[in-house]
Amino acid sequence: MPRPLLFDETEVINQSMKLFWKQGYVATGISQILQTADLKPGSFYNVFPSKKDLFIRSLVHYQKHIVASRIASHLDNKENPLDAIESFFLSSFEIVPENSMFGCLLTNTATEIGRQDTDISRAVWSGMEMIESAFKRRIIEAQVLSLIDAEKDPDALALHLLACFQGLSVVGRLTQDKNRLKRMTQSALDSLRLF
């Protein structure tokens, strides 16, 4: 009979997600995770077979709680689809304290791990597809409202926006110049009309 859990599994995943988000996968060691979560190795390994397993579960947690929440709060919460897209972009840096601008965990992982690990890259791509799908939905609405040319391919526009958003996330890790990030956001929105 398995022993009962002596810790909150979701909270451990959440705390680990924050460490991975701030420091990256490679730089975050198991000992640091154990210390942050106040866990003994035996308790940890009874639930998480490896750091990689915990990391993938952290990526899934990030998608369910951070990405989905931002999509609901910004992309799905405005009547004008272009305003919604702008709000989603701005949410990545405008309401974030300057000393905690860690970018997007999906983007950070894509640049750190790339395709070196199939399982991790699959988890990252799943989160990016969530964003791409939400962009596409609002782009189609904008086309119906004649805000974007209806002849343009919504799939291509959504991928373009995803690339712009990921680029913004990378630049956001390098600079806290919010005016520059706002200009990048405006350029991405302008490109929807010109693309």
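Modeller: A nonpolar core is a set of buried Ala, Val, Leu, Ile, Met, Phe, Trp, Tyr and Cys residues joined through side-chain atoms within 4.5 Å. Buried means under 20% relative accessible area, exposed over 50%, and partly exposed in between (1.4 Å probe, protein chains only). The model is predicted, so local features need pLDDT of at least 70 and side-chain atom pairs count only at pLDDT 80 or more, while totals for chains, interfaces and linings use all residues. Residues are numbered from 1 along each chain as its sequence is written, and side-chain values use heavy atoms, with hydrogens and water left out.

The largest nonpolar core has 54 residues, and those touching the most other members are Ile85, Leu106, Phe135, Ile139 and Leu192. Helix H7 (residues 118–144) supplies the largest share of this core, nine residues. Helices here are DSSP runs (H or I, at least four residues), numbered from the N terminus. In soluble globular proteins, nonpolar side chains tend to be buried together.

Take Leu192 as one example. Contact means heavy atoms within 4.5 Å. Not counting residues up to four places away in sequence, Leu192 touches Leu82, Ile85, Ile139, Ile148, Lys152, Leu157 and Leu161. Ile85 and Ile139, among these neighbours, are also among the residues that touch the most other core members.

Gln63 is a residue of another kind to look at. Gln63 belongs to helix H4 (residues 51–75), and Gln63 counts as buried because its relative accessibility is 7%. With residues up to four places away in sequence left out, the contacts of Gln63 are Ala68, Leu106, Ala123, Ser126, Gly127 and Met130. Leu106, one of these contacts, is again one of the residues touching the most other core members.

Two helices can be followed from here. Two packed helices are described by the angle between their axes and the distance between the axes. Axes are lines fitted to C-alpha atoms, for helices over the stretch in contact, and angles run from 0 to 180 degrees between N-to-C directions. The axes of H6 and H8 cross at roughly 85° and come within 9 Å. H6 is therefore roughly perpendicular to H8, the term for angles of 65 to 115 degrees. On the H6 side, Thr107, Asn108 and Thr111 take part, and they meet Gln166, Ser169, Val170 and Arg173 in H8. These residues divide into one nonpolar, five polar and one charged; Ala, Val, Leu, Ile, Met, Phe, Trp, Tyr, Cys and Pro count as nonpolar, Asp, Glu, Lys and Arg as charged, and the others, Gly among them, as polar.

Next come the charged pairs. Side chains of opposite charge can pair when their charged atoms come close. A salt bridge is a side-chain nitrogen of Lys or Arg within 4 Å of a carboxyl oxygen of Asp or Glu, and the structure holds nine of them.

Lys136 and Asp155 form one, at 2.8 Å from N to O. Because Lys136 lies in helix H7 and Asp155 in helix H8 (residues 154–174), the pair ties together parts that are 19 residues apart in sequence. Lys136 is partly exposed at 29% relative accessible area, and Asp155 is partly exposed at 37%.

Lys182 and Glu94 form another, at 3.2 Å from N to O. This pair links distant parts of the chain, 88 residues apart: Lys182 is in helix H9 (residues 178–194), and Glu94 is in the loop between helix H5 (81–90) and helix H6 (105–113). Lys182 counts as partly exposed at 36%, and Glu94 does at 35%.

Asp53 is partly exposed at 23%, as is Arg57 at 25%. Salt bridges also link Lys52, Asp117, Asp119 and Arg122 in a network.

Asp38, in the loop between helix H2 (30–37) and helix H3 (41–47), has a positive phi of about 55° although it is not a glycine. Asp38 is exposed, with a relative accessible area of 69%. Ser146, in the loop between H7 and H8, also is not a glycine but has a positive phi of about 60°. Ser146 is exposed at 64%.

Definitions and conventions. Helices (H or I, at least four residues) and strands (E, at least two) are DSSP runs, numbered from the N terminus. Angles under 35 degrees count as roughly parallel, over 145 as roughly antiparallel, 65 to 115 as roughly perpendicular and the rest as oblique.
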